[in-house]
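Please read the following note alongside the model.

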Amino acid sequence: MRRTILAVLLAAASLAASACTNYGGDLSGGAGPAAGRGSADGLRQIKVMDTAGMPSAFLTYGVQRGYFRAEGLDVRMQTSAGGAAAIPALVNGGLDVAGSNVVSAVIAMNRGLPVRMVGSGTSTSTDPERDFSGLVVPAGSPIRSAADLVGKKVAVNTLRNINDIVIDASMRKAGVAAPNARYVEMGFPDMAPALERGDVDAAMLIEPFLTTAVGKGMRVVGRPYSDTRHGLQIGTFLMAAAKAREQPELVSAFQAGVRRTAESIARDPDAFRAALPKIAGFAPALAAKINLPGWNGTTDRASVELIASSMRRLGLTDEPFDYDKGVLK
């Protein structure tokens, strides 16, 4: 059964990778055996994979600032198109830590994959006006709020994932009793052109694509992440369950590095913005004005449980999620 589940995830990861035309890295999951070795300076070398863009920029910033080195870790970063692509490599022992989104993590654990959440990834702001995501429509669109999305085509980067949950929440908050938007999967760079052509009616964008679209005259008509929960945690970090159980010192060291990085960005977000052109390829002017995600030092239980219960209600999973088993403090 475990082999069957893993084979399904590997196939899903392959499909997800092939659908993402804006990423040129290695998505094969063939990271090779996780290092776990001592480096020349006495640090423990570990392989970590996270989603290209802002998630991997967060970790890269922490590595460059020395926060993981201070915890005894020599972090070797790789990027992927999404968390689903990283999970098979994690289970196979090719990675020590994988960045994912909470939905993919819950699905994996509910299907019996031996992984555990060990840290908090990206979250949205507690201030909806500073949310790093938004529902966007063309300037002349008749759509004024999430309530107008009934029956409309909405571009999302993945199907049957976090978008289903947050757009559903946004439409319900706007008074729609039975949301039934029609989702169209495409990469973030393709969404604004699709809106301009009229191929879709709205798009669920994140930064920096959100600010770029608004700069072209498009309108934000909803903040689905914030509508679901202010400060909603969307991302997480995963480790193989056996490794996390057998090497608690590795878990603690990685968690401490994440906390140090999160606290540093919260104290001085401008320093992080200044680093984005080099570590994430953002234009300096764009990096200066985008809404940044938030990062927390520890997992937000309320967010994870809200997402897990919403997944079950929407049919994204059939099983309840055992938070105390699936999340390591």
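The numbered points below describe the structure.

1. This is a predicted model, in which local features need pLDDT of at least 70 and side-chain atom pairs count only at pLDDT 80 or more, while totals for chains, interfaces and linings use all residues. Residues are numbered from 1 along each chain as its sequence is written, and side-chain values use heavy atoms, with hydrogens and water left out.

2. The protein has 14 helices and 13 strands, and of its 329 residues 53% are buried (under 20% relative accessible area, with a 1.4 Å probe and protein chains only).

3. Helix H2 (residues 54-64) packs with helix H11 (residues 269-280) at an angle of about 105°, their axes being 10 Å apart; the two are therefore roughly perpendicular to each other (angles of 65 to 115 degrees). On the H2 side the contact (heavy atoms within 4.5 Å) is made by Met54, Ala57, Phe58, Thr60, Tyr61 and Gln64, and on the H11 side by Ala271, Phe272, Ala275, Leu276, Ile279 and Ala280. The residues of this contact of H2 with H11 divide into 10 nonpolar, 2 polar and no charged.

4. Serine 125 sits in the loop between strand S6 (122-123) and strand S7 (133-137), and serine 125 counts as buried because its relative accessibility is 14%. A polar atom of the serine 125 side chain lies 2.9 Å from the backbone nitrogen of aspartate 127. Leaving aside neighbours within four places in sequence, serine 125 is in contact with Arg130, Asp131, Ser226, His230 and Gly231.

Terms used: Helices (H or I, at least four residues) and strands (E, at least two) are DSSP runs, numbered from the N terminus. Buried means under 20% relative accessible area, exposed over 50%, partly exposed in between (1.4 Å probe, protein chains only). A polar contact is a pair of N or O atoms within 3.5 Å; within protein, one must be able to donate a hydrogen and the other to accept it, and residues adjacent in sequence count only if both atoms are side-chain atoms. Axes are lines fitted to C-alpha atoms, for helices over the stretch in contact, and angles run from 0 to 180 degrees between N-to-C directions. Angles under 35 degrees count as roughly parallel, over 145 as roughly antiparallel, 65 to 115 as roughly perpendicular and the rest as oblique. Ala, Val, Leu, Ile, Met, Phe, Trp, Tyr, Cys and Pro count as nonpolar, Asp, Glu, Lys and Arg as charged, and the others, Gly among them, as polar.
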